[in-house]
Amino acid sequence: MDVVNSKMIRTMLAFFFLTPCLFMSCSPKPRAPESVLDTPEHHVTSGMKLLNKNYLLDAKREFELALQLDPNYSDADRGLGLTYGMEKKFEPAFESMRKARDTAETNWQKAMAYVGFMRLYTMEQGDRWLDRVKTSFSDALQHQKDLPDAYFYMGLAYKAANLPSEAGTAFRRVLDINRELVTESQNELKSLSTPR
């Protein structure tokens, strides 16, 4: 009986001491950079440029490389979420965007994750999508006031919902802020005034 108890105690102790080691070895370990340009920031910048050109596979590769270097890099998860959204894979898209929001280290990153949600809801156009875009818009502005991206993608959402007056107001706000997406907003305003 003592031999059985002794074996059971040793097994239980081994379990309690080895279990944390198992979990630590399962978590992703960041890989070491291979060059000066092999940084999460550089990969995300490249990925966003590729995404804007609709090179989805190349963009996804860049975001995944960024996440290999830093598994909790919010901007990479945001880019990955947008890529999945453009592929119409909305479950992983929203999952990546939630991770981007939850791992955000700055107000800007948090705000941009909410802008990412705005874009995904507009792409998907599911149940009550415009209400969800408006809520994410408000959340974005709570973290970063006067964010051109939030107003621009709110304008695109209104345009998709066939609300040209509201879209025009949002695009004009981007022009008032006058930092980013100015040319894009001017083009959108022209398209609103052009008869279909």
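A residue is called buried here when its relative accessible area is under 20%, and by that criterion buried residues make up 41% of the 196 residues in this protein, whose model is a predicted one. The protein contains 10 helices and zero strands, so that, read along the sequence, its pattern is α-α-α-α-α-α-α-α-α-α. Of the contacts between residues at least 6 apart in sequence, 55% join residues at least 24 apart. The accessible surface comes to about 11900 Å², and carbon and sulfur atoms account for 55% of that area.

Within H10, Ser185, Glu188 and Leu189 are buried. Because the buried residues of H10 fall within an arc of 100 degrees when seen down the helix axis, they line one face of the helix. An α-helix has 3.6 residues a turn, so residues three or four places apart point the same way. The cover over the buried residues of H10 includes H8 and helix H9 (164-177).

Leaving aside neighbours within four places in sequence, Asp149 is in contact with Met112, Val115, Glu180 and Leu181.

Elsewhere charged side chains do pair, and a search of the whole structure finds 10 salt bridges. One of these joins Asp58 to Arg61, with an N to O distance of 3.0 Å; both residues lie in helix H3 (residues 56-69), three residues apart, about one turn of the helix. Arg61 also meets Glu62 in a salt bridge, at 3.1 Å from N to O. Asp58 counts as partly exposed because its relative accessibility is 32%, and Arg61 is likewise partly exposed at 39%, whereas Glu62, with a relative accessible area of 10%, is buried.

A further salt bridge links Lys89 with Glu87, the closest N and O atoms being 3.6 Å apart; Lys89 is partly exposed at 40%, and Glu87 is partly exposed at 22%. Through shared partners, salt bridges join Asp58, Arg61 and Glu62 into one network.

Note on methods: Residues are numbered from 1 along each chain as its sequence is written. This is a predicted model: local features need pLDDT of at least 70, side-chain atom pairs count only at pLDDT 80 or more; totals for chains, interfaces and linings use all residues. Side-chain values use heavy atoms; hydrogens and water are left out. Contact means heavy atoms within 4.5 Å. Buried means under 20% relative accessible area, exposed over 50%, partly exposed in between (1.4 Å probe, protein chains only). Helices (H or I, at least four residues) and strands (E, at least two) are DSSP runs, numbered from the N terminus. The arc is that of the directions from the helix axis to the C-beta atoms. Accessible areas come from the Shrake-Rupley method with a 1.4 Å probe; for residues, only the protein chains shown count as cover. A salt bridge is a side-chain nitrogen of Lys or Arg within 4 Å of a carboxyl oxygen of Asp or Glu.
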